[in-house]
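Please look over the structure shown here before reading the notes.

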Amino acid sequence: MPLVSGADVESAARLLDGVVRRTPLEHSRALAERVGGPAWLKCENLQRTGSFKIRGAYTRIARLSDAERARGVVAASAGNHAQGVALAARELGAAATVFMPESAPLPKVAATRGYGADARLGGETLTEAILSAVEYADRTGSVFIHPFDHPDVIAGQGTVGLEVLEQCPDVATVVVCTGGGGLVSGIAAAVKARRPDVRVVAVQAATAAAFPASLAAGRPVPLTSMATMADGIAVAAPGDLTLAHVSGLVDDVVTVSEGDLSRALLFCLERAKLVVEPAGVAAVAALLADPAAFAPPVVAVVSGGNIDPVLMMKVVQHGMAAAGRYLSLRVQVPDRPGSLAGLLRELAGLAANVLSVEHERLTPRLVLGEVEVGVHLETRGPDHAEHVLAALSAAGYAPRVD
């Protein structure tokens, strides 16, 4: 199967000149300290539509004939590809219909409609949305714009790789979030054509990682289930074309846990001042989880920033818990006035912020005259949490961590 070449990506870059934003490459001192050398963030979350997807969508639609564009285009997406197709179609004068899962984040649905597309919700998964889009294309004659498995889409996404080489000429490792594989395929095609020595690493969510089994089998192997907060990379199977690219050009595929993703999202908010969605932060999650595995100078592609505020609040809380910033514990105290106040004074002296308190009198663990107090605390991190536990033990409370 012919792979997308470096010349193909360069051709797409000329087509996209003046259409997409040349996104910034931001140095991260906090990541550099971990990997032991320069570390950079390629901020595609600051791209038009909030992700890299406009690059591939515009390249694909621009290369349709006038007659094809007149028939309209159709796509399926959890959100970012939808917005890329909607904006590209609007700028190129084509009508766009996009099928999205019922669970698609509301801001992504609203943005897709805001760019002028007819967004239709249905089904529980992206796979179902793709089937609906293909059926619609067969029925109406609209051109199906695949989210990743097409040479024009891969070439367009690969322009991210060209920018990385220009902005960081001495890069040694490029780390890329991966769902269906369009972005990492394009970046690998661009990077390997000019710098075959550069290591390209694909990162998948561990609970939605289709590439390992597909690479082992030599063909796309669909996952039977997926469960990840990173909806943008929750793809049941790679395409034939992206699998061929990853097999031939990508040096490694690694996975990250849900905890890794939430910690990385919190890291980007606190240390890089970047709003990033869970899928877009996968490359950063890999660096934080195993910094020694990535030779510097390293570039992590931050692929998208379209996150639902409600999900952001949940993920930040999950990230704080994963980072040891929350501590839930239980202690037995005498059932008499002042006992709870004494415990709270002790915690205040330890600078632990009390988020919630509950009293429990009906548990077999208690003896007569005792109550159990459950306390949910905000701490400054794992070391502070350990200090709180040690101080409570020294004060005679015998705390038990939930």
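1. Contact here means heavy atoms within 4.5 Å. V316 touches L265, L266 and L269, with residues up to four places away in sequence not counted. This is a predicted model, in which local features need pLDDT of at least 70 and side-chain atom pairs count only at pLDDT 80 or more, while totals for chains, interfaces and linings use all residues. Residues are numbered from 1 along each chain as its sequence is written, and side-chain values use heavy atoms, with hydrogens and water left out.

2. V316 is found in helix α14 (residues 309-322); helices (H or I, at least four residues) and strands (E, at least two) are DSSP runs, numbered from the N terminus. Is V316 buried or exposed? V316 is buried because its relative accessible area is 18%, where buried means under 20%, exposed over 50%, and partly exposed in between (1.4 Å probe, protein chains only). V316 and A13 are 303 residues apart in sequence and 36 Å apart in space, C-alpha to C-alpha.

3. A nonpolar core is a set of buried Ala, Val, Leu, Ile, Met, Phe, Trp, Tyr and Cys residues joined through side-chain atoms within 4.5 Å. The largest one has 76 residues, and V175, L261 and V284 have the most contacts inside it. Helix α9 (residues 182-194) gives the most to this core, with 7 residues. The residues touched by V284 include L31, L41, F267 and V302, not counting residues up to four places away in sequence. A second, separate core has 26 residues, among them I61, A86, V98 and V143.

4. The domain assignment, automatic or from a database, gives domain 1 (6-52 + 156-319), domain 2 (54-144) and domain 3 (324-401). The C-alpha centres of domain 1 and domain 3 lie 42 Å apart.

5. The UniProt record, an unreviewed entry, places the feature "domain: ACT" at residues 328-402. Such annotations may be inferred rather than shown by experiment. The span 328-402 is 32% helix and 35% strand, and its end C-alpha atoms lie 5 Å apart.

6. An open sheet of 4 strands has the order β12-β13-β11-β14, with antiparallel pairing; two strands pair if DSSP finds at least two bridges between them. β12 (353-360) and β14 (400-401) stand at the edges, each with a single partner strand, so one side of each has no neighbour in the sheet. β12 is joined to β13 (residues 370-378) by 7 bridges, and S356 stands opposite H376 in β13.
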